[in-house]
Amino acid sequence: MSVDDIRANAAAELDVVIKVNGKPVSCRVPVRRNLVDFLRQDLGLTGTHVGCEHGVCGACTVRLQGRIVRGCLLLAVQADGLSVETIEGAAESGELAALQDAFVERNALQCGFCTPGMLLTAAELLKRNPGADRAQIRDYLSGNYCRCTGYQAIVDAIEQVSR
Ligand code: FES
Ligand code: FES
C-alpha cells in the first residue's frame, strides 16, 4: 500500500445509521472519528465528556446495545446499525432520577466532569447488583476517575440508592 493509499483511507468517509437515544441518525462520518467525538461534535450531545482519550478515565462512558462502553475507544463506524444511549437519553427517560437525587443530596459532584460517566456506570452496577455494598461500588467505579470529590460522597450516594 502506498503512502497515498494510506492517506486516502484515513480521509475516507462512510454512511452510517446509528440509533441514538432511540432515534435513528443517518449520516456520513470519517472512518477515523471516534464515537464520543461523533456524539459531541456531530450531534451536539455534549453531556458525554472527553478526558484521557485512552480508555482510562471513564468520562466518555456511553451505552452501546445497552452495555456501558468507552466512547473514546470505539469508532463511530463501529456503531453502524447499533443503538447508542448517552447521558441525555438516560436522564430523559427518568431511569437515573434516584441516582441523580442521591448525588445532589450527598454532594457527590463538584465540577461535574466525571458525573455523567459515574451515573451511567452506577446505573449499570445497580442493574446487575441492586444491593451492591460499598466495596462492590468502589470496585465497579474503579474505571471512572474523579479529580474533585475523593470518591467518598459518590460511594455514599450510590450506596443510598442501593439500599
Ligand atoms: S476519555 Fe475515554 S476513557 Fe477517558
Ligand atoms: S466532580 Fe469533578 S471530576 Fe468528579
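This report walks through salt bridges in a predicted model.

## Ground rules

Residues are numbered from 1 along each chain as its sequence is written, while chains are lettered from A and ligands numbered from 1 in the order in which they are written. Local features need pLDDT of at least 70, side-chain atom pairs count only at pLDDT 80 or more, and totals for chains, interfaces and linings use all residues; side-chain values use heavy atoms, with hydrogens and water left out.

## Arg-63 and its partners

Let's start with the count: there are eight salt bridges (a side-chain nitrogen of Lys or Arg within 4 Å of a carboxyl oxygen of Asp or Glu). One of them pairs Arg-63 with Glu-95, with 2.7 Å between the closest N and O atoms. The two residues are 32 apart in the chain, Arg-63 in strand S3 (residues 61–64) and Glu-95 in the loop between helix H3 (87–93) and helix H4 (97–105). Helices (H or I, at least four residues) and strands (E, at least two) are DSSP runs, numbered from the N terminus.

Arg-63 is buried at 2% relative accessibility, whereas Glu-95 is partly exposed at 36%. Buried means under 20% relative accessible area, exposed over 50%, and partly exposed in between (1.4 Å probe, protein chains only).

## Glu-124 and two arginines

Arg-67 and Glu-124 form a salt bridge, their closest N and O atoms 3.6 Å apart. This pair links strand S4 (residues 67–70) to helix H5 (residues 115–128), across 57 residues. Glu-124 is buried, with a relative accessible area of 5%.

Glu-124 also meets Arg-128 in a salt bridge, at 3.3 Å from N to O. Because they sit four residues apart in helix H5, about one helical turn separates Glu-124 and Arg-128. Arg-128 is partly exposed, at 48% relative accessibility.
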